[in-house]
Amino acid sequence: MTTRIDKRFGELRTEGRAALVTFLMCGDPDLATSLQLIEALPGAGADVIEIGMPFTDPMADGPSIQAAGLRALKAGGSMIKTLEMVAAFRAGNDHTPIVLMGYYNPIYVYGVERFLKDAKAAGVDGLIVVDLPPEEDAELCIPALGAGVNFIRLATPTTDDKRLPKVLTNTSGFVYYVSINGVTGAAIADYSMVSEAVRRIKGHTDLPVAVGFGVKNAENAKAIATHADGVVVGSALIDALKRSLDSQDRATGDTVAAVTNLVSQIAGGVRAARKAVA
Amino acid sequence: MLQDHPNSFRSGPDDTGHFGMFGGRFVAETLMPLVLDLEKAYAAAKADPAYQAELDHLATHYVGRPSPLYYAQRMTEHFGGAKIYFKRDELNHTGAHKINNVLGQILLAMRMGKKRIIAETGAGQHGVATATACAKYGLECIVYMGAVDVERQAPNVFRMKMLGATVVPVQSGARTLKDAMNEALRDWVTNVDSTFYCIGTAAGPHPYPMMVRDFQCVIGNEVREQMMAAEGRLPDSLVAAIGGGSNAIGLFHPFLDDPSVEIFGVEAAGHGLAEPNGHAASLAGGKPGVLHGNRTYLLMDDDGQILEGHSISAGLDYPGIGPEHAWLRDVGRVKYLSATDKEALDAFQLCCRLEGIIPALEPAHALAKVGELAAQKPKDHLMVMNMCGRGDKDIFNVAEVLGGM
């Protein structure tokens with residue numbers, strides 16, 4: 001099967017540049033603004049869109065994404081709303097890949113079979129579920145592959161060569177390399193380590209490798225895009241969003257532009273990268 | 001009564017850390033290699049007589065084990081039924097059963113070459129026990145504690161600091177125990193090479209539920225011997241309070257394959273089970289879900305968002321429960337009851353006045369059900385309740401609720 005994710009990375013390979021993968025939380029700061037934001041992302045330069053499924057207890061996320069999830073829940077975010085938002089986005093965009101990212105409990109409670117059916121129908125292309133390592137593949141990964149939804153796995157600095165094949169076995173779409181041991185939004189990665197890690201992962205798979213954690217601006221993005229097939233940016237966008245909110249955490253007239261401007265800048269960095277090495 | 005039950009209730013977990021459908025290893029990839037390392041290191045330690053000997057030595061000379069099995073004569077007379085015994089784990093060093101587990105994990109951490117210890121704590125008992133063991137062995141100790149709990153458990157915060165630990169008030173989420181556990185997991189993800197995560201209850205990713213249970217089984221193993229010595233036979237029933245469930249599983253596990261022994265766990269019913277989000281009884285009011293590395297019964301809404309729950313006891317105020325309890329409930333081997341704040345407070349006062357023992361609010365929940373159960377049993381019925389902690393830490397909170405007494 002070829003998904004929108006496979007297609008997009010194929011096109012970019014031909015173009016000779018890395019993908020910009022953007023993360024926002026569904027329903028942050030409210031459902032209407034969140035949809036506006038997601039709809040504006042492709043125009044600002046996002047190649048793949050990750051949408052966070054809000055959860056009360058995001059154990060691998062730093063303060064920015066934790067707060068985004070709580071804002072979303074307060075604004076009425078839920079699994080049903082997330083899937084509705086994907087469907088609404090799909091009504092106007094049939095080519096940008098959508099990846100849902102989050103934690104297993106809301107999916108488990110929704111029901112795995114029902115979730116996969118509804119997600120596929122809404123136009124979801126891939127899943128990243130932080131607390132489902134390969135040891136728990138029977139839960140969601142295998143059923144997702146059966147349903148034609150990519151299951152994108154995280155590889156980390158603690159994933160050594162011995163373990164890497166296990167992590168890659170049922171992975172599809174792309175591999176998400178988490179550049180540091182830590183939570184989202186933490187320190188900027190050491191770029192020499194990143195290139196080495198990407199090379200190491202590519203020694204085990206033909207899948208594209210996207211790198212995230214610690215990307216804050218165009219310069220970081222460019223540095224990573226030189227080595228990787230994709231650059232993931234999340235916390236920096238959410239920080240920009242948060243700065244645009246009023247004192248009650250409500251959207252203002254600046255909110256959409258605050259995010260899209262940063263996406264455009266970072267997209268510029270990503271697009272400049274291959275030129276730099278060429 | 002039990003259909004399709006296994007040959008033994010004591011053989012779990014399986015190789016992948018499951019008790020039936022419960023348990024497992026639901027952690028981020030960064031932590032997965034650490035969890036696998038820990039599993040290996042624990043298996044090696046368990047097979048090493050020197051490790052067990054050191055733990056036994058500490059139990060005797062540092063903790064003060066065995067803790068007595070005490071015949072609570074006036075409570076027995078008061079209820080007029082079963083003969084009530086208390087397993088006196090509140091007499092342990094640091095005042096609760098928590099130290100049994102902490103010493104096992106700290107010795108393991110040192111075998112693994114880890115010098116930085118992190119822990120989560122709710123009421124502060126596990127934090128104090130961890131700080132104590134770290135002081136004894138000269139290890140760095142960081143305790144995550146919800147900011148709300150830091151406020152309501154000030155004496156334990158001070159104790160941890162006296163013992164040299166750093167107490168980090170957790171401001172994220174609802175600022176209680178579950179958020180402290182999230183924050184400890186975030187620390188572990190960040191400091192993978194140096195750090196050992198000392199979990200305080202029989203929950204979390206495999207091998208923690210098994211490992212913590214093993215360390216706490218000293219409680220039930222002693223009860224077996226002590227009851228044989230006192231009465232010449234096994235007890236007829238066991239009762240223990242359950243938050244995460246480490247004291248309970250420690251008492252229950254050695255008796256799971258003795259069909260004559262009835263076993264009762266008591267959850268915290270807070271303001272009452274009918275009160276939305278007003279209790280902490282995960283089995284009575286929750287459903288299966290995945291949090292903090294394991295599948296178990298959780299308090300949550302229809303969207304899978306975790307609820308806070310409520311209990312007067314900060315040690316029972318957790319939206320989940322150890323996975324082995326979830327399984328023991330589903331297979332029907334253990335019967336799970338619940339006690340409200342008010343029932344626990346009444347039992348707390350009764351125990352103070354009849355036995356001269358100030359119980360912690362956690363075992364006061366068990367005690368509340370001991371009264372009901374004992375009254376229905378004949379006088380030759382032997383009932384054991386785990387007095388898993390002493391109430392010194394709770395007297396100010398209790399005084400506040402009872403109007404200064």
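Biologist: How many salt bridges are there between chain A and chain B?

Modeller: This is a predicted model, in which local features need pLDDT of at least 70 and side-chain atom pairs count only at pLDDT 80 or more, while totals for chains, interfaces and linings use all residues. Residues are numbered from 1 along each chain as its sequence is written, chains are lettered from A and ligands numbered from 1 in the order in which they are written, and side-chain values use heavy atoms, with hydrogens and water left out. A salt bridge is a side-chain nitrogen of Lys or Arg within 4 Å of a carboxyl oxygen of Asp or Glu. Between chain A and chain B the count is 3. In a salt bridge between these chains, B:Arg295 meets A:Glu139 at 2.5 Å, N to O.

Biologist: What area do chain A and chain B bury between them?

Modeller: Buried area is the accessible area (1.4 Å probe) that two parts lose on being put together, summed over both. Here the two chains bury about 2800 Å², with 54% of it on carbon and sulfur atoms. A:Asp57, A:Met59 and A:Tyr108 supply 21% of the area that chain A buries against chain B, more than any other three residues.

Biologist: Which domains make up chain B?

Modeller: Domain bounds come from an automatic or database domain assignment. Chain B has domain 1 (18-59 + 98-212) and domain 2 (65-95 + 216-401). Their centres, taken over C-alpha atoms, are separated by 22 Å.

Biologist: How many residues of these two domains of chain B are in contact?

Modeller: Contact means heavy atoms within 4.5 Å. In chain B, 42 residues of domain 1 are in contact with 39 residues of domain 2. The area buried between these domains is about 3200 Å², and carbon and sulfur atoms give 58% of it. B:Phe22, B:Asn100 and B:Lys178 supply 21% of the area that domain 1 buries against domain 2, more than any other three residues. B:Lys178 also forms a salt bridge with B:Glu308, their closest N and O atoms being 3.5 Å apart.

Biologist: Is B:Asn386 buried or exposed?

Modeller: Buried means under 20% relative accessible area, exposed over 50%, and partly exposed in between (1.4 Å probe, protein chains only). B:Asn386 is buried, because its relative accessible area is 0%. Leaving aside neighbours within four places in sequence, B:Asn386 has contacts that include B:Lys87, B:Asp89 and B:Pro363.
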